[in-house]
Amino acid sequence: MARLSLKNTLSVAASAAALCAISTTAFGHGLMVDPPARNAFCGYMEKPDQAVTPACVEAAQADANGMYQFMSVLTHDIGRMGGPSTNVCGFDSETWNGEATPWDNQLDWPTTAIGSGPLTITWDISWGPHYDDTEEFRYWITKPDFNYEVGGDLTWDDFESSPFCVLDYNDTSPEANPAVVADKANSLFHTTCNVPERSGRHIIYGEWGRNHFTYERFHGCMDVVINGSGGNPGSSSSSSSSSSSSSSSNSSSSSSSSSSSSSGVAASSSSSSSSSSSSSTSSSSSTSSSSSSSSSSGGSGLGSLACDYVISNEWNTGFTAEVRLTNTGDTLINGWSVNWTYSDGTAITNSWNATFAGSNPYTASNVSWNGDILPGQTVSFGMQGDKGSSDNVELPQLQGDLCAR
């Protein structure tokens, strides 16, 4: 009851402030995208009408309209420090009138392999990039003896009572805390924390909190498998296999090669040294409603990467796309770079999980944590762009020493 009383007080204060300055008050929206939270996997990457990952399909069946609000899991409160909530991952979000979000159900959510130790958690705040009033980031983790049960209940008793990481931020001195990097060019926040020693499947709950001007706070859960040591993100996967190819940032390979269909799920163009091999894990990606794919085979002699360019979503003037790089060989790939050219004037306006260079042709190379690709593993990066002269999104051919010709 203490949290509810405080929340009501803050909501009244926020409402009063909004009435006094409604013309200038702006609300931000955001979510954890790397490692991906549940609402990033199912909502941001896979839209309800395009879901292919089993958990995303199930979540869409339960609340398709809610999944479109993936960036709006918010309250006007001080969050977990003010007391517990009934629903953990959505923290009784105002968007759902205090009820459960699609991500509060304990489905077989995709997981990301990480290690204990340093971990960078990235928030995408593109939907109102409010840096000036960001105040803090907080993270909690489940207890060492936590046992995840699909279909079970998740409560705050499953989590440590104190956050394992609290990071302050003040935009007047944006570099004061080296553990928080404001990547304003890409509308991202990169936060680095030390993950406690754990082993097996766990849940990290995170909050992005804005200051007293709005007390707006965003909530989410990421499902991770911790190997007990090391801090670099590993692969994203789902313990349920799917027949569709899918991947995310830090992702492991999907369960099938890219397919061709006149009215399928994702549009892609691929260059592969062999057909994408099945893997023991499948991971989540965004998909689009119109689909066609093409592929070519042949080894370059320098590596064995299946390089796929996938349209995630499109609208009248723009699109989002994902590039998936799957190691189809039997040796580790250490470092990668791919390039492509658009012929219709398409322009990239935003990107994530890769270092971009050039402007048509574009070159994308690995960042520090996703340069190694184990045999059978997939890594991916994404981009947003403006369409060129064509009404349809162009599917460029990916090039690179490791991609097949």
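**Around Val 181**

User: Let's start with Val 181. Leaving aside neighbours within four places in sequence, which residues is Val 181 in contact with?
Analyst: Val 181 is in contact with Leu 188, Phe 189 and His 190, where contact means heavy atoms within 4.5 Å. One thing to keep in mind is that this is a predicted model, where local features need pLDDT of at least 70 and side-chain atom pairs count only at pLDDT 80 or more, while totals for chains, interfaces and linings use all residues. Residues are numbered from 1 along each chain as its sequence is written, and side-chain values use heavy atoms, with hydrogens and water left out.

User: Got it. Where does Val 181 sit?
Analyst: Val 181 is in strand β7, residues 180–183. Strands (E, at least two residues) are DSSP runs, numbered from the N terminus.

User: Nice. New topic: how many salt bridges are there?
Analyst: The count comes to 12 salt bridges. A salt bridge here is a side-chain nitrogen of Lys or Arg within 4 Å of a carboxyl oxygen of Asp or Glu.

User: Show me one! What does Asp 133 pair with?
Analyst: Asp 133 forms a salt bridge with Arg 210, at 2.5 Å from N to O. This pair links distant parts of the chain, 77 residues apart: Asp 133 is in the loop between β4 (117–124) and β5 (134–141), and Arg 210 is in strand β9 (residues 200–210).

User: Are those two buried or exposed?
Analyst: Asp 133 and Arg 210 are both buried.

User: How about Glu 160, which residue is its partner?
Analyst: That's Arg 198, with the closest N and O atoms 2.9 Å apart. Glu 160 counts as partly exposed because its relative accessibility is 29%, whereas Arg 198 is buried, at 9%.

User: Which residues form a network of salt bridges?
Analyst: Arg 38, Asp 108, Arg 201 and Asp 223 are linked that way.

User: Last one: what is the strand order in the open sheet of three strands?
Analyst: The order is β17-β20-β19, with antiparallel pairing. Two strands pair if DSSP finds at least two bridges between them. The edge strands are β17 (337–340) and β19 (355–357), each pairing on one side only.

User: How many bridges join β19 to β20?
Analyst: Three bridges join β19 to β20 (residues 362–365).

Technical notes. Helix = DSSP H or I, 4+ residues; strand = E, 2+ residues; numbered from the N terminus. Buried < 20%, exposed > 50% of the residue type's maximum accessible area, 1.4 Å probe, protein only.
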